[in-house]
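Here is a short briefing on the model you are about to see. Have a look at the salt bridges, the surface and the pocket as you read.

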Amino acid sequence: IWMSMDKLKKDIAILLELGANFVRGSHYSQDQRWLDLCDEAGLLVWEETLGWQPRVEHLDDPLFVMQQMAALEETINASANHPSVIMWGFLNEGQNDIPEARLAYQVLAEKARLLDPS
């Protein structure tokens, strides 16, 4: 879904009117125009890749993990120079309490640290 610049600006105005200083860009990488506006407004952003509620069978699948790694790299490469982006997220609400799932989280966290050591 493509949003007009006017709608993006309205979202920023609403957040500022509410007194917010942080926004979670949940479930998918954010529009670079949105991040530009967050930079200008001084809003801090949690940038996140698509990966909503993966189950252990996904997290244990090498193809799924490889696709997540590619998405994370694309997101970090696209958004790393935005001063508003202060953290990276991945695998939102996924199973992380099962030993078989932990490797996926570990390799993605290592990839994020490699791409953005800050």
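E48 is buried, with a relative accessibility of 2%; buried stands for under 20% relative accessible area, exposed for over 50%, and partly exposed for what lies in between (1.4 Å probe, protein chains only). Its salt-bridge partner is R24, with the closest N and O atoms 3.2 Å apart. This is a predicted model, in which local features need pLDDT of at least 70 and side-chain atom pairs count only at pLDDT 80 or more, while totals for chains, interfaces and linings use all residues. Residues are numbered from 1 along each chain as its sequence is written, and side-chain values use heavy atoms, with hydrogens and water left out.

**Salt bridges**

- The count comes to four salt bridges, each being a side-chain nitrogen of Lys or Arg within 4 Å of a carboxyl oxygen of Asp or Glu.
- Strands (E, at least two residues) and helices (H or I, at least four) are DSSP runs, numbered from the N terminus.
- R24 is partly exposed at 31% relative accessibility.
- D31 and R33 form another salt bridge, with 2.8 Å between the closest N and O atoms; D31 is partly exposed at 31%.
- E57 and R55 meet through their side chains at 2.7 Å, N to O. Here E57 is partly exposed at 45%, and R55 is partly exposed at 44%.

**Nonpolar surface**

- F22, L44, I86 and M87 make a nonpolar surface patch of about 310 Å². Patch residues have over 30% relative accessible area and no salt bridge, with like charges joined within 9 Å and nonpolar side chains (Val, Leu, Ile, Met, Phe, Trp, Tyr) within 5 Å; areas come from the Shrake-Rupley method with a 1.4 Å probe, and for residues only the protein chains shown count as cover.
- F22 belongs to strand β1 (residues 22–25) and is partly exposed, at 35%.

**Largest pocket**

- The largest pocket has a volume of about 320 Å³. A pocket is an open set of points on a 1 Å grid over the protein atoms alone, where a 1.4 Å probe fits, with protein on both sides within 12 Å along at least five of seven lines; lining residues have an atom within 4 Å of a point. Points are joined across faces, edges and corners, and the volume is the space filled by probe spheres set on them.
- Its lining has 15 residues, with M3, L8, Y28, Q30 and W34 nearest the centre.
- Strand β1 gives the most to this lining, three residues.
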